[in-house]
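Please read each point with the sequence and the model side by side.

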Amino acid sequence: MKIAVIGATGMAGSRIAAEAAQRGHTVCGFSRSKRTDNQESAGISLSTADATDPEAMRSIAAQADVIVLATRPDPGTEDGVGRLLTTVLDAAHGFDRRVLVIGGAGPLHSPDSDQLVVDDVRFVPRQWRTIAQASVDQFDSCRTHPANWIYLSPPALFEPGSRTGAYRRGTHRILVDADGQSRISAEDLAIAALDEIEAPEPTQRHFTVAY
């Protein structure tokens, strides 16, 4: 399978690209930054591309079987996530490609109510609210688009760590452990992402994972 990872030098995108390459897929990574030798040697072909450029996204969609969108807005640019997403989804829809969007925890529901996580201070402190709201807007843009997309919401705490191979999968409600923590490593989220790519769950368009 040929997998295009947009945002392939970021935390999530780099782990997903590495996991896909390890499983034997053909991986083409795209980023606004220049490629690095160590990523090339890992079996990942890297190129530069602007995810807001319709022509560039159509070129990627024409060649890929699946597109992973794993970009994260820079501080102060959160209001641009909807336009970027729509550009990618438009291109994918034109070529009937699947898109796995690595989003945020904001659109999930709290573990004990129908409150959105973006409004739950247990999981989204005030300083994180802007980026969390951007993920809500991103998910809303997905829901109104006809492309074949699926949205993966990480848990509240998502950071580099170890590849354990363990994770739990949920749907629209944030997952917490016995201590009330919601977390996963970027490496194990990549496993969940590839599991979804290789064996899609047709009844779920929004899912989350955690330990």
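1. The structure discussed here is a predicted model.

2. Eight strands make up an open sheet with mixed pairing, and their order is S3-S2-S1-S4-S5-S6-S10-S8. Its edges are strand S3 (44-48) and strand S8 (168-170), each of which pairs on one side only. From one strand to the next, the twist averages 25 degrees.

3. Strand S8 and strand S10 (residues 206-210) run antiparallel and are joined by three bridges. Within this pairing, Arg168 has Ala210 in S10 as its bridge partner.

4. Helices on the sheet. Helix H4 packs on the sheet and touches strand S1 (2-6), strand S4 (66-69), strand S5 (98-102) and strand S6 (148-153). The direction of H4 makes about 175 degrees with that of S4. Helix H5 (residues 129-143) lies across S5, S6 and S10, and runs at about 155 degrees to S6.

5. How packed helices are described. For two packed helices, one gives the angle between the axes and the distance between the axes.

6. H3 with H4. The axes of helix H3 (residues 54-63) and helix H4 (residues 81-94) come within 8 Å, crossing at roughly 40 degrees. H3 and H4 are therefore oblique to each other, and their crossing is right-handed. On the H3 side the contact involves Pro54, Met57, Arg58 and Ala61, which meet Thr87, Val88, Ala91 and Ala92 in H4. By class, the residues of this contact are six nonpolar, one polar and one charged.

7. H4 with H5. Here the axes come within 9 Å and cross at roughly 30 degrees. The crossing of H4 and H5 is right-handed. From H4, the residues Val81, Gly82, Leu85 and Leu89 meet Ala134, Gln138, Ser141 and Cys142 of H5. The contact of H4 with H5 has five nonpolar residues, three polar residues and no charged residues.

8. H1 with H6. Helix H1 (residues 11-22) packs against helix H6 (residues 186-198) at an angle of about 55 degrees, and the axes are 8 Å apart. This angle makes H1 oblique to H6, and H1 passes H6 in a right-handed crossing. The H1 residues Met11, Arg15, Ile16, Glu19 and Ala20 meet Ala186, Glu187, Ala190, Ile191, Ala193 and Leu194 in H6. Among the residues of the contact of H1 with H6, eight are nonpolar, none is polar and three are charged.

9. Ser110. Is Ser110 buried or exposed? Ser110 is placed in the loop between S5 and H5. Its relative accessible area is 0%, so Ser110 is buried. Apart from neighbours within four places in sequence, Ser110 is in contact with Gln115, Leu116, Val117, Asp120, Arg122, Arg173 and Ile174.

10. Asp96. The loop between H4 and S5 contains Asp96. With a relative accessible area of 65%, Asp96 is exposed. Its backbone also deserves a comment. Most residues other than glycine have a negative phi. Asp96, although not a glycine, has a positive phi of about 55 degrees.

Technical notes:
Residues numbered from 1 in each chain as written. Predicted model: local features only at pLDDT ≥ 70, side-chain atom pairs only at ≥ 80, totals over all residues. Heavy atoms only, no water. Axes fitted to C-alpha atoms, helices over the stretch in contact; angles between N-to-C directions. Helix = DSSP H or I, 4+ residues; strand = E, 2+ residues; numbered from the N terminus. Parallel < 35°, antiparallel > 145°, perpendicular 65-115°, else oblique. Left-handed = near helix turned anticlockwise from the far one by under 90°. Contact = heavy atoms within 4.5 Å. Nonpolar A, V, L, I, M, F, W, Y, C, P; charged D, E, K, R; others polar. Pairing = 2+ DSSP bridges. Buried < 20%, exposed > 50% of the residue type's maximum accessible area, 1.4 Å probe, protein only.
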